[in-house]
Amino acid sequence: PLTAVDRYRLRKKFPFPPTIWDGDNTSYCFKDRSRSYLVDFYMTNKYPTPAEKKEISSRSGLSVTQVSNWFKNRRQRDRMTQKQVVLAGKPDNGYTLSHDIIHTR
């Protein structure tokens with residue numbers, strides 16, 4: 001039997017033709033109700049315990065892994081947004097680099 005890595009290598013080496021399609025649309029989006037429950041909980045606690053993740057999972061209809069990944073991704077997006085805000089608000093020192101020549105204003 002082929003391992004998961006072997007199957008991956010085969011698919012990489014011999015990909016399916018672009019005309020093969022099983023007709024199913026795969027949706028990776030959560031339902032609005034699930035998402036709103038996750039956001040509400042995130043506003044009160046960004047780092048839920050495993051027990052809280054199980055509770056969120058049962059209430060939202062998602063798996064514990066999906067809940068964990070959602071929180072991890074949301075924290076990462078928040079950090080990136082904060083970085084962009086900090087970089088955008090950084091004061092300009094009055095110098096610009098253009099064609100390896102430093103110009104002052």
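Lys 46 lies in the loop between H2 and H3, where helices (H or I, at least four residues) and strands (E, at least two) are DSSP runs numbered from the N terminus. The structure is a predicted model, in which local features need pLDDT of at least 70 and side-chain atom pairs count only at pLDDT 80 or more, while totals for chains, interfaces and linings use all residues. Residues are numbered from 1 along each chain as its sequence is written, and side-chain values use heavy atoms, with hydrogens and water left out.

The relative accessible area of Lys 46 is 40%, so this residue is partly exposed; buried means under 20% relative accessible area, exposed over 50%, and partly exposed in between (1.4 Å probe, protein chains only). Leaving aside neighbours within four places in sequence, Lys 46 is in contact with Phe 71, Arg 75 and Asp 78, contact meaning heavy atoms within 4.5 Å. From C-alpha to C-alpha, Lys 46 and Lys 72 are 8.9 Å apart in space, although 26 residues apart in sequence.

The protein chain as a whole contains four helices and two strands. Read from the N terminus on, the order of these elements is α-α-α-α-β-β. Of the 105 residues in the protein chain, 13% are buried. Among contacts between residues at least 6 apart in sequence, 44% join residues at least 24 apart.

Confidence is described by pLDDT, the predictor's confidence in each residue, from 0 to 100. The average pLDDT of the protein chain is 81, and 74% of the residues score at least 70. Among the elements, H3 has the highest mean pLDDT (95), whereas strand E2 (residues 101-104) has the lowest (50). Where pLDDT is low, the predicted coordinates should not be read in detail.

Phe 71, one of the contacts of Lys 46, also belongs to an aromatic cluster, in which ring pairs link Phe 41, Tyr 42, Trp 70 and Phe 71. Rings of Phe, Tyr and Trp (its six-membered ring) pair if their centres lie within 6.5 Å; planes under 30 degrees apart count as stacked, over 60 as edge-to-face and the rest as tilted. The count by this rule comes to four aromatic pairs. Tyr 42 and Trp 70 form an edge-to-face pair, with 5.9 Å centre to centre and 90 degrees between the planes. This pair links distant parts of the chain, since Tyr 42 is in helix H2 (residues 32-44) and Trp 70 is in helix H4, 28 residues apart. Tyr 42 counts as buried at 2% relative accessibility, and Trp 70 likewise counts as buried at 11%. For Tyr 42 and Phe 71, the ring centres are 6.0 Å apart and the planes stand at 45 degrees, so the pair is tilted. Because Tyr 42 lies in helix H2 and Phe 71 in helix H4, this pair ties together parts that are 29 residues apart in sequence. Phe 71 is buried, with a relative accessible area of 0%.

Helix H4 (residues 64-88) also meets helix H3 (residues 50-60): their axes come within 8 Å and cross at roughly 110 degrees. Here axes are lines fitted to C-alpha atoms, for helices over the stretch in contact, and angles run from 0 to 180 degrees between N-to-C directions. H3 and H4 are therefore roughly perpendicular to each other, given that angles under 35 degrees count as roughly parallel, over 145 as roughly antiparallel, 65 to 115 as roughly perpendicular and the rest as oblique. From H3, the residues Lys 53, Lys 54, Ile 56, Ser 57 and Ser 60 meet Val 64, Val 67, Ser 68 and Phe 71 in H4. The residues of this contact divide into four nonpolar, three polar and two charged, where Ala, Val, Leu, Ile, Met, Phe, Trp, Tyr, Cys and Pro count as nonpolar, Asp, Glu, Lys and Arg as charged, and the others, Gly among them, as polar.

Ser 68 counts as partly exposed at 22% relative accessibility, and the C-alpha atoms of Ser 68 and Pro 48, 20 residues apart along the chain, are separated by 8.6 Å. Pro 50, found in helix H3, counts as exposed at 66% relative accessibility. The C-alpha atoms of Pro 50 and Val 64 are separated by 8.6 Å, with the two residues 14 apart along the chain.
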